[in-house]
Each structure stands twice: as C-alpha cells, then as structure tokens.
Amino acid sequence: MAEKVGIDTVSLSRIERGAVSPSIATLDRIADAIGEPLGKLFDGVSSNAITLADDVAELLRPLSESDRMFLLEQIQVWSKRLSMKKP
C-alpha cells in the first residue's frame, strides 16, 4: 500500500495510527489506492467533543500563543452565534 501511495511504510503506519495528519494529496492517493472516493475516508470522523478537542489541540500546538488566543476568541464567538440559532 505504501508503495502505491508513494510514501514509506513508516509514514503509512503513522497515518494509520493517527500519529500524523496526512496532506490532502496523500489522502487522495490513499483513496485511489483502495479504489474509494476521497470523501469515503471521512465517513468515520468522530464528532465526540473530547476527540474534537484533541484534534483542535493538535492544530493549535504549532501556532504562537497570540495566534492560539486569536483562534480561541473566534471559536467562542462562533460557538455563541451557533448556539443562539438552536430552537
């Protein structure tokens, strides 16, 4: 599989274990290799709040403190707006 995707086996293993997030291009090659549309790879994405929080934390990790605070403020604004729309 790694050969079909054009990456080494260690990288593929890290993707499978969730240790790294592959690029869209890599995901597209994986989808092609297994004969599925790219969107099919996202069918099992969890909406569990804890899982999402972990995912957000990983996205924030490489950012500066000021950028992290900016994004936190944006999440707070959007969360408030979206919660007001609920019946």
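T26 is buried, with a relative accessible area of 10%; buried means under 20%, exposed over 50% and partly exposed in between, for a 1.4 Å probe and protein chains only. The model is predicted, and local features need pLDDT of at least 70, side-chain atom pairs count only at pLDDT 80 or more, and totals for chains, interfaces and linings use all residues. Residues are numbered from 1 along each chain as its sequence is written, and side-chain values use heavy atoms, with hydrogens and water left out.

T26 lies in helix α3, where helices (H or I, at least four residues) and strands (E, at least two) are DSSP runs numbered from the N terminus. Leaving aside residues up to four places away in sequence, T26 touches V5, I7 and I15, a contact being heavy atoms within 4.5 Å. A25 also lies in helix α3. The C-alpha atoms of A25 and P62 are separated by 21 Å, with the two residues 37 apart along the chain.

| Residue | Relative accessible area | Class |
|---|---|---|
| T26 | 10% | buried |
| A25 | 43% | partly exposed |

The largest pocket holds about 710 Å³ of space. Of its 21 lining residues, G18, V20, S21, P22 and D55 are the closest to the centre. Two or more lining residues come from each of α2 (9–16), α3 (24–34) and α4 (49–60), and α4 gives the most, with 5 residues. On a 1 Å grid over the protein atoms alone, a pocket is an open set of points where a 1.4 Å probe fits, with protein on both sides within 12 Å along at least five of seven lines, and lining residues have an atom within 4 Å of a point. Points are joined across faces, edges and corners, and the volume is the space filled by probe spheres set on them.

R81 lies over the face of W78, 5.2 Å from the ring centre; the rule asks for NZ of Lys or CZ of Arg within 6 Å of the ring centre and within 35 degrees of the ring normal.
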